[in-house]
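Subject: Model handover and notes

Hi,

Here is the structure for you to look over. My notes follow below it.

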Amino acid sequence: MKKSLLTLLAVAAMSTTALAADVKPALVYGTGGKFDKSFNEAAYNGAEKFKAETGIAYRDFEPTGDTQGEQAIRNFASRGFNPVVAVSFAWTSAIEKVAAEFPDTKFIIVDSVVDKPNVRSVVYKEEEGSYLVGILAGMASKSGKVGFVGGMDIPLIRKFECGYEQGARAAKADVEVFQNMTGTTGAAWNDPVRGGELTKNQIDQGADVIYAAAGATGLGVLQTAADNKKLSIGVDSNQNHLHPGSVLTSMVKRVDLAVYNAYNDTKNDKFTAGVQALGVKEDGVGAAIDDNNKSLITPEMQAAVDKAKADIIAGTVKVHDYTSDNACPK
């Protein structure tokens, strides 16, 4: 009996090892660099958390151009990596093609939807998180003028801007909102110099709070605002620590959770395909408040954000999604 029990335990241990060995995670970033302190770095942090907790290593790749993404995704799949996470809408067609070629591999795409039985699509209600930081911008602005600097001019980034504008107007009905996009190609995510120039132009027009939704380009926005003694708002990752006392808040988008959950669910045989839409209610987006910015947030501002969160969750406030009709209400 004792021998049989030991045999069973050994088999169980081997089965656990085999299950863990089946998880061979890979990660393909969007263009803009792994350490952009924003979108890509949030994905990296999710992968690192999984590795730290499980001891399971992952492989990643930083594309510098649009064609490299598909090559990397196919390369990982052909070498037996599973699951393969692609963070960026830019890899939509790549995932559609490669997922069909490798039906036994699990794929995850962030910021886009691919309808395949082996693909999980993780999208966010960026308009809701942007609404919250827009309220803070409207309340913090002394000039009644706020700004927005986006990265690539696409509906997704317009979605950030529109949510921000709605929040700012909810706080201050007559607020003026300036907006600029950095470019129309992937290079727009990695141009902090241009981000700084656009920010300076908005400051010269009177803006005293500027929200960046531009990947690594946003680093130039935050720096220029700090240099000119104005407030900025970070994005995706919590960027409050980059310029303490100057970054009013950050619109945190939990890309780290998308990556971590994808790996963990696969490891635990709980992977599901389909669409996951994460908003305020799901704690997928929010306004970051910590020791680096709490001196900038008055009790009235905190109360306004708390109420807006509760209203969004209750459905009494519905933030318009730009991508639903490619328009922003005025």
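Leaving aside neighbours within four places in sequence, which residues is K253 in contact with? They are F39, D111, Y124, E126, F160, D236, G284 and V285. Contact here means heavy atoms within 4.5 Å.

Some ground rules. This is a predicted model, in which local features need pLDDT of at least 70, side-chain atom pairs count only at pLDDT 80 or more, and totals for chains, interfaces and linings use all residues. Residues are numbered from 1 along each chain as its sequence is written, and side-chain values use heavy atoms, with hydrogens and water left out.

**K253 and the record**

K253 sits in strand β10 (residues 247-253). Helices (H or I, at least four residues) and strands (E, at least two) are DSSP runs, numbered from the N terminus. K253 has a relative accessible area of 2%, so it counts as buried. The cut-offs: buried is under 20% relative accessible area, exposed is over 50%, and partly exposed lies in between (1.4 Å probe, protein chains only).

UniProt lists residues 35-313 as "domain: ABC transporter substrate-binding protein PnrA-like", in an unreviewed entry. UniProt positions follow the numbering used here, feature names are shortened, and annotations may be inferred rather than shown by experiment. Over residues 35-313 the chain is 44% helix and 21% strand. The end C-alpha atoms of that stretch are 33 Å apart.

**The parallel sheet**

Two strands pair if DSSP finds at least two bridges between them.

Look at β5 (residues 119-124). 6 of its 6 residues are buried, so β5 is largely enclosed by the rest of the structure. Both of its faces are covered: V119, S121 and V123 are buried on one side, and R120, V122 and Y124 on the other. In a regular strand the side chains alternate between the two faces of the sheet.

β4 (residues 107-110) pairs with β5 in the parallel sense over 4 bridges. I108 has R120 as its bridge partner in β5, and I109 has S121. β5 also runs parallel to β11 (residues 274-278), joined by 5 bridges. There, Y124 is partnered by L278. Y124 is also one of the K253 contacts.

Axes are lines fitted to C-alpha atoms, for helices over the stretch in contact, and angles run from 0 to 180 degrees between N-to-C directions.

**The mixed sheet**

Another open sheet has 6 strands in the order β7-β6-β8-β9-β10-β12, and its pairing is mixed. Its edge strands are β7 (176-183) and β12 (285-287), each pairing on one side only. Here the twist averages 15 degrees from one strand to the next.

β9 (residues 231-236) and β10 pair in the parallel sense over 5 bridges. D236 has V252 as its bridge partner in β10. D236 is also among the K253 contacts.

Helix α6 (residues 155-171) packs on this sheet and touches β6 (145-152), β7, β8 (209-213), β9 and β10. Its direction makes about 170 degrees with that of β6. Helix α7 (residues 192-204) lies across β6, β7 and β8, at about 160 degrees to β7.

**A helix pair**

Helices α2 (residues 39-54) and α9 (residues 255-267) pack at about 35 degrees, with their axes 6 Å apart. On the α2 side, the contact residues include F39, A43, G46 and F50; on the α9 side, they include V255, V259, Y260 and Y263. F39 is in contact with K253 as well.

**Backbone points to check**

Most residues other than glycine have a negative phi, and most peptide bonds are trans.

- The peptide bond from N82 to P83 is cis, with omega near 5 degrees. P83 is in the loop between α3 (66-78) and β3 (84-87).
- K229 has a positive phi, near 60 degrees. K229 lies in the loop between α8 (218-227) and β9, and counts as exposed at 74% relative accessibility.
- D283 is not a glycine, yet its phi is positive at about 60 degrees. D283 is in the loop between β11 and β12.

Best wishes
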